[in-house]
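Have the viewer open as you read.

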Amino acid sequence: MPGTPTPLRDMDRLATVVAKDDRPNPSFKISALPGFKKTIQSRRAMRVFDGNPVPEDILRDCLRDAILAPSSSNLQCYEIYWVRDDDKKKRVAALCLGQPAATTAGDLIVIVSRVDQWQSHLRKLTDIMTDNGKTPLKDPVRDYYENIIPMLMKTDRVGFNNLIRRFMLWYKNRREPMVNGPVRRADHRVYGHVQASLAAENLMLSIAAHGYDSCPMGGIDQRAIAKLLGIPSTAEVTMVIGAGAGKPEGLFGERVRLPYHALVKEV
Ligand SMILES: Cc1cc2nc3c(=O)[nH]c(=O)nc-3n(C[C@H](O)[C@H](O)[C@H](O)COP(=O)(O)O)c2cc1C
């Protein structure tokens with residue numbers, strides 16, 4: 001990838017399989033927690049930006065953080081489109097209904113649910129995990145990836161697999177606790193948006209940790225954006241994220257949240 005040399009480019013090594021887990025180090029909590037709290041507290045929905053893009057290496061670093069988000073079965077059923085072409089950017093901003101959070105953003109990132117890609121992602125993932133078949137997976141991981149995931153994910157146009165799955169899960173559930181889905185197409189849609197949203201949150205937190213601002217946008221014309229970016233109708237846009245340096249007037253007041261016990265049930 002083009003770009004000026006910077007320590008962030010070391011992150012390229014992390015691109016395929018793992019990121020370093022520093023937690024066994026006893027000093028981890030002391031070093032990580034203050035920054036984490038600061039990041040969480042400083043991420044706000046920024047509605048007006050100064051229009052300048054986030055430096056390329058920084059945004060690429062944030063995007064790498066995004067794909068470190070957890071995902072169901074590690075299938076990573078999403079894609080992230082960093083809109084770099086100026087004309088496309090203007091058109092995506094217009095399709096965010098002209099919201100200033102989009103029209104003033106230096107960067108626009110489109111988060112897309114790709115449940116339709118589960119088979120291809122599964123293949124790629126198992127290729128990485130098995131070193132292209134050289135070190136086959138062992139049970140129960142092999143069984144999970146070869147049998148259970150396809151059983152849960154396989155859909156067909158007429159819904160035949162959905163019926164089989166519904167029956168199997170119902171039958172098993174009579175005797176023991178069992179997952180209730182995904183069964184229907186609607187379940188798969190939810191599944192995809194969940195994975196995509198987790199990546200989106202990682203992205204926004206990373207942007208905040210780098211000292212920049214972001215705004216998630218769901219008030220958008222999803223279908224038109226998908227069409228513009230050449231995303232097939234089997235995929236769905238989850239949200240668009242505006243990013244850049246925020247302006248003071250881009251914060252619409254103090255952060256407001258419902259009280260802790262309205263949302264957190266300690267049962
Ligand atoms: C999925 C999603 C969609 C959102 N859509 C919009 C949007 O279209 N326009 C907007 O200005 N803010 C949007 N927001 C931002 C929320 O309004 C904002 O996060 C919320 O008011 C809390 O403010 P805070 O993020 O600054 O804490 C969206 C947030 C999420 C998570």
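S3 and strand S4 (residues 236-244) run antiparallel and are joined over five bridges; two strands pair if DSSP finds at least two bridges between them. Pro216 sits opposite Ile241 in S4. Helices (H or I, at least four residues) and strands (E, at least two) are DSSP runs, numbered from the N terminus.

A quick word on what you're looking at: this is a predicted model, where local features need pLDDT of at least 70, side-chain atom pairs count only at pLDDT 80 or more, and totals for chains, interfaces and linings use all residues. Residues are numbered from 1 along each chain as its sequence is written.

Zooming out, the pair belongs to an open sheet of four strands, ordered S1-S2-S4-S3 with antiparallel pairing. Strand S1 (78-83) and S3 are at the edges with a single partner strand each, so one side of each has no neighbour in the sheet. On average, neighbouring strands are turned by 20° against each other, direction ignored.

Contact here means C-beta atoms, placed from the backbone, within 7 Å; axes are lines fitted to C-alpha atoms, for helices over the stretch in contact, and angles run from 0 to 180 degrees between N-to-C directions.

| Helix | Strands touched | Angle |
|---|---|---|
| H2 | S1, S2 (107-113), S4 | about 170° with S1 |
| H3 (residues 86-95) | S1, S2, S4 | about 65° with S2 |

H2 has a helix partner too: helix H2 (residues 56-66) and helix H8 (residues 185-209) pack at about 145°, with axes 7 Å apart. On the H2 side the contact uses Cys62, Leu63, Asp65 and Ala66, and on the H8 side Ala199, Asn202, Leu203, Ser206 and Ile207.

Now, which residues surround the ligand? They are Arg44, Ala45, Arg47, Gln99, Ala101, Cys215, Pro216, Met217, Gly218, Gly219, Met239 and Arg255, where near means a C-beta atom, placed from the backbone, within 6 Å. Strand S3 (residues 213-217) gives the most to this shell, with three residues.

Finally, the domains. The chain is divided into domain 1 (43-116 + 187-252) and domain 2 (119-184), with bounds that come from an automatic or database domain assignment. Their centres, taken over C-alpha atoms, are 29 Å apart. Domain 1 puts eight residues into the contact and domain 2 puts in nine residues.

Definitions and conventions:
Contact = placed C-beta atoms within 7 Å.
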